[in-house]
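Here is a short report on one protein chain. Keep the structure open while you read, and find each residue as it comes up.

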Amino acid sequence: MPEIDKTALWRTCEPMREDGMAISRYLEQLSGLLFLKACESSGKLTFESFDEESDSLYLPDPYRWDSIIGRTNLSNYEYENEFAKPIGTNKHPSEMDGLERYEEAVEHLKEDGSLAQRAFDQFSPRFNRPSTFVDTIQQIDSLEGWNNFGENADLFGDSYEYLLEKYADKAEGAGEYFTPRPLTNAIVEFIEPNIDEEIIDPAAGTNGFLIQSYNYLKDETDNFSQMQNTDVESHFASRAFVLV
């Protein structure tokens with residue numbers, strides 16, 4: 001599996017840094033955008049049906065990544081259902097700029113299935129200028145790995161963890177709640193979690209221990225081949241744990 005290009009990933013933050021955002025703010029904003037791009041690139045989430053009780057993710061055409069970045073012509077777009085209509089504006093999607101479409105995407109995701117609701121609850125786009133947003137999404141879109149993301153989905157988790165490491169390095173006191181990956185790995189290997197156990201981290205911050213436990217058991221069980229008829233993700237629990 002290829003490693004993330006850390007230099008390119010950190011470069012995606014430059015437009016927000018230059019616009020005066022604090023590191024906590026621009027890492028929050030970058031995480032939301034990466035999540036949306038990862039969801040659309042993963043191939044694991046549906047964009048075709050809405051089910052409030054499921055972990056599927058549904059977004060109408062105007063609020064998907066290609067529309068937000070401007071690759072989709074929406075001039076003749078007709079709403080396919082009531083859910084597709086804008087929530088925060090009376091504008092037709094063709095009249096919106098990319099930031100306005102992204103704001104609508106977030107509002108729709110807050111009313112979507114449980115996966116989207118957990119990811120975007122209390123999240124709001126906070127870009128000072130539309131130009132900053134445009135520069136940021138273009139940087140994200142140019143990152144390598146999206147075309148075969150379905151085969152390398154751990155790249156999203158690795159990217160998020162790298163950004164958190166940068167935050168821990170630069171923000172005073174951040175190390176109090178971020179456990180470095182080498183220490184997390186060592187603790188999980190010492191504990192040796194078992195495939196028959198339910199793994200719970202009730203005080204999870206970034207879910208590093210759960211993610212490493214998942215990767216540890218994935219290696220130990222030949223990609224969970226011993227659990228073909230079992231919901232793997234149900235064995236990993238925290239207050240808010242999302243596997244993408």
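In this predicted model, the side chain of Arg-101 reaches the backbone oxygen of Met-96 at 3.3 Å. Arg-101 belongs to helix H5, which covers residues 98-109. Which side chain of opposite charge is nearest to Arg-101? That is Asp-97, at 7.1 Å. A salt bridge needs a side-chain nitrogen of Lys or Arg within 4 Å of a carboxyl oxygen of Asp or Glu. Arg-101 is buried and has no salt bridge.

What does Arg-101 touch, leaving aside its neighbours within four places in sequence? Its contacts are Pro-62, Tyr-63, Ser-67, Ile-68, Leu-74, Pro-93, Ser-94 and Met-96.

**Aromatic rings**

How many aromatic pairs does the structure hold? There are 6. One of them joins Tyr-77 and Tyr-79, with ring centres 5.5 Å apart. Their planes meet at 90°, so this pair is edge-to-face. Planes over 60 degrees apart count as edge-to-face, and planes under 30 degrees apart count as stacked. Tyr-77 is buried, at 13% relative accessibility. Tyr-79 is partly exposed, at 30%.

Tyr-102 and Phe-133 form a stacked pair, because their planes lie at 25° and their ring centres are 5.3 Å apart. This pair links distant parts of the chain. Tyr-102 is in helix H5 and Phe-133 is in helix H7, 31 residues apart.

Elsewhere, a charge meets a ring. The charged end of Arg-17 sits over the ring of Trp-10, 4.5 Å from its centre.

Gln-122 has a phi near 65°, a positive value in a residue other than glycine. Glu-192 has a positive phi of about 55°, and it is not a glycine either. Where do they lie? The table sets them out.

| Residue | Phi | Loop | Relative accessible area |
|---|---|---|---|
| Glu-192 | about 55° | between helix H9 (181-191) and strand S1 (199-200) | 53% |

**The whole chain**

Now step back. The protein chain has 10 helices and 2 strands. In what pattern do they follow one another along the sequence? Read in order, they run α-α-α-α-α-α-α-α-α-β-α-β. Buried residues make up 45% of the 244 residues. Among contacts with a separation of 6 or more, 62% join residues 24 or more positions apart.

Technical notes:
Residues are numbered from 1 along each chain as its sequence is written. This is a predicted model: local features need pLDDT of at least 70, side-chain atom pairs count only at pLDDT 80 or more; totals for chains, interfaces and linings use all residues. Side-chain values use heavy atoms; hydrogens and water are left out. Helices (H or I, at least four residues) and strands (E, at least two) are DSSP runs, numbered from the N terminus. Buried means under 20% relative accessible area, exposed over 50%, partly exposed in between (1.4 Å probe, protein chains only). Lys and Arg count as positive and Asp and Glu as negative; His and the chain ends are not counted. A polar contact is a pair of N or O atoms within 3.5 Å; within protein, one must be able to donate a hydrogen and the other to accept it, and residues adjacent in sequence count only if both atoms are side-chain atoms. Contact means heavy atoms within 4.5 Å. Rings of Phe, Tyr and Trp (its six-membered ring) pair if their centres lie within 6.5 Å; planes under 30 degrees apart count as stacked, over 60 as edge-to-face and the rest as tilted. A charge sits over a ring if NZ of Lys or CZ of Arg is within 6 Å of the ring centre and within 35 degrees of the ring normal.
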